[in-house]
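Subject: Structure handover

Hello,

Please find the structure below, followed by notes on what turned up in it.

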Amino acid sequence: MKGKKRFAWAMVCWACGLILISCGRNHAASEDRLYVGVAFYNQSDSYISELMNCLKEQFARMGEGDMKVTMAMRDAAGSQRTQDDQVKEMIDAGCNVLCVNLVDRTDPSTIIDMAKEKDVPIIFFNREPVSEDMMRWDRLYYVGADAKQSGVMQGELAADAIRENKRIDRNHDGKIQYVVLEGEPGHQDAIIRTENAVDTLKNQGIELEKINCGIANWNRAQAQNRMMQMIGQYQNKIELVLANNDDMALGAIDAYKKLNFTESARPVFFGIDGTDVGLRAVVDLELAGTVYNDKEGQAEAMAKLAEGLALNREMKGLKFKNKKYVFLPYKKITSDNVGGFIGKNGGRN
Ligand code: BGC
Ligand code: CA
C-alpha cells in the first residue's frame, strides 16, 4: 500500500515537473490551473489523517470541472527540518499555493521566507502560528477552529451527563473526582481546551476535585500508559476523564478494559474531534460524548481559499476573522445525535 502511494506521488511530481518545463518556470498561475502543495506534521495522527482524506476529496472534486488541479502531499513525520525541505521541494516544483500544518507552530519562518520569495500564498491549518508570524506577510492565512469553543462544549456535555446520571459520582461525596489527558504541550488546542472544560463545569455548579493531569501528546497508546499509571495510583477513585481529543479518551478506555474494570466501575469519558473511531465509541456508549472538529468544513474552506488565492478568484462563502482567519464551528455529540455525524457530512444534513 505504502509503495503504491509513493509511486502515485512520484507520478504526481513527475507530472508537475513536465508541466513546469512547458511553462518555463513561471510561478504565476495560468487561469485554470491550480498546483497545491500540502505539508502536514504527522501521518500517524488520527485526526490529521482523516482531515487529509477530506482535503484530497475536495481537490479531486475541484479537478472534475474545467480546472486542472495538481496536488502533492508530504508527511513531515514530526520533523520541522523535514517539513522545511518538503515545502522547498514543492515550491521548486511550481506550486502556486501551499497548505501547511506546521510541525512546530512557533517556527514557520523558513517556510514563510521561501514562500514569500516566490510569491506563493500559504494557508496554515490546524496548528496555528502565533499572530506575530501571521502578520509577517499579507498572503498568510489560517483555517482551523476555536479551541475555547471546544473546551466549553466538552464542559457542557460533561455537566449535562453528571446532572442526568447520579451514578457518575460513584462515592456519593457530591464532588466529581476527575483527571485530564492533555495534548501536546504548546499546541493551541491543548491547554485552552482543558481550562475551558474545567471552568465550564465549575460555572455550571458542578463540584470538582482534580486528581491528576497527564500529557499524552494526542496519542492513544501514550494515553493508555498514562491512564494505567493513574489507575495504579488512584484505583477506582477516578469518576471523570476529560481528554483533549478522542484518541486519548480511547486510550484511557483501553486502559480500563485491559485491567478488566467492569463498565459500572469505570469513569465517564469525554473526547474532542469525532474521528471515525471516536464516533463509533459514542455509538457503543463507551465514550459519553465528544465535540465535532469539522474536518469536512475545514477542508472545504481550505480548498476554496486555495483556489481564490492561487487564481485570484472571489472567495464566496468564506467568513474571515481579522481578514486572515477562517474558524469552523465545533458541534456537540452524544449518543442522541451521533447518527448525523457518521458518514462524513459533519452533521450537515
Ligand atoms: C485535534 C487533535 C490532533 C491535533 C493535531 C487537534 O485539533 O483535536 O486530535 O491530534 O489537532 O495538531
Ligand atoms: Ca465523587
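Along the chain, the donors of the calcium ion (ligand 2) follow the spacing D-x1-N-x1-D-x1-K-x1-Q-x61-E. Donors here are N, O and S atoms within 2.8 Å of the metal (3.2 Å for Na, K and Ca), and water is not among the atoms, so sites may look incomplete. The coordinating atoms are Asp 169 (OD), Asn 171 (OD1), Asp 173 (OD), Lys 175 (O), Gln 177 (OE1), Glu 239 (OE) and Glu 239 (OE), at 2.2 to 2.5 Å. Distant parts of the chain are linked by the pair Lys 175 and Glu 239, which are 64 residues apart. Lys 175 lies in the loop between H6 and strand E6 (176-182), and Glu 239 in the loop between helix H8 (220-234) and strand E8 (240-243). Helices (H or I, at least four residues) and strands (E, at least two) are DSSP runs, numbered from the N terminus.

Glu 239 counts as buried because its relative accessibility is 2%, while Lys 175, at 32%, counts as partly exposed. The classes are buried under 20% relative accessible area, exposed over 50% and partly exposed in between (1.4 Å probe, protein chains only).

The model is predicted: local features need pLDDT of at least 70, side-chain atom pairs count only at pLDDT 80 or more, and totals for chains, interfaces and linings use all residues. Residues are numbered from 1 along each chain as its sequence is written, chains are lettered from A and ligands numbered from 1 in the order in which they are written, and side-chain values use heavy atoms, with hydrogens and water left out.

The largest pocket has a volume of about 810 Å³. A pocket is an open set of points on a 1 Å grid over the protein atoms alone, where a 1.4 Å probe fits, with protein on both sides within 12 Å along at least five of seven lines; lining residues have an atom within 4 Å of a point. Of the 26 lining residues, Asn 165, Ile 168, Val 268, Leu 285 and Ala 288 are the closest to the centre of this pocket. Helix H6 (147-164) and strand E9 (268-270) are the elements that give two or more residues to the lining, and H6 gives the most, with 4.

Two backbone angles remain. Leu 285, in the loop between helix H10 (276-283) and strand E10 (290-292), has a positive phi near 65 degrees without being a glycine. Asn 322, also not a glycine, has a positive phi of about 50 degrees. With relative accessibility of 63%, Leu 285 counts as exposed; Asn 322 is exposed at 61%.

Regards

Methods: Grid points are joined across faces, edges and corners, and a volume is the space filled by probe spheres set on the points.
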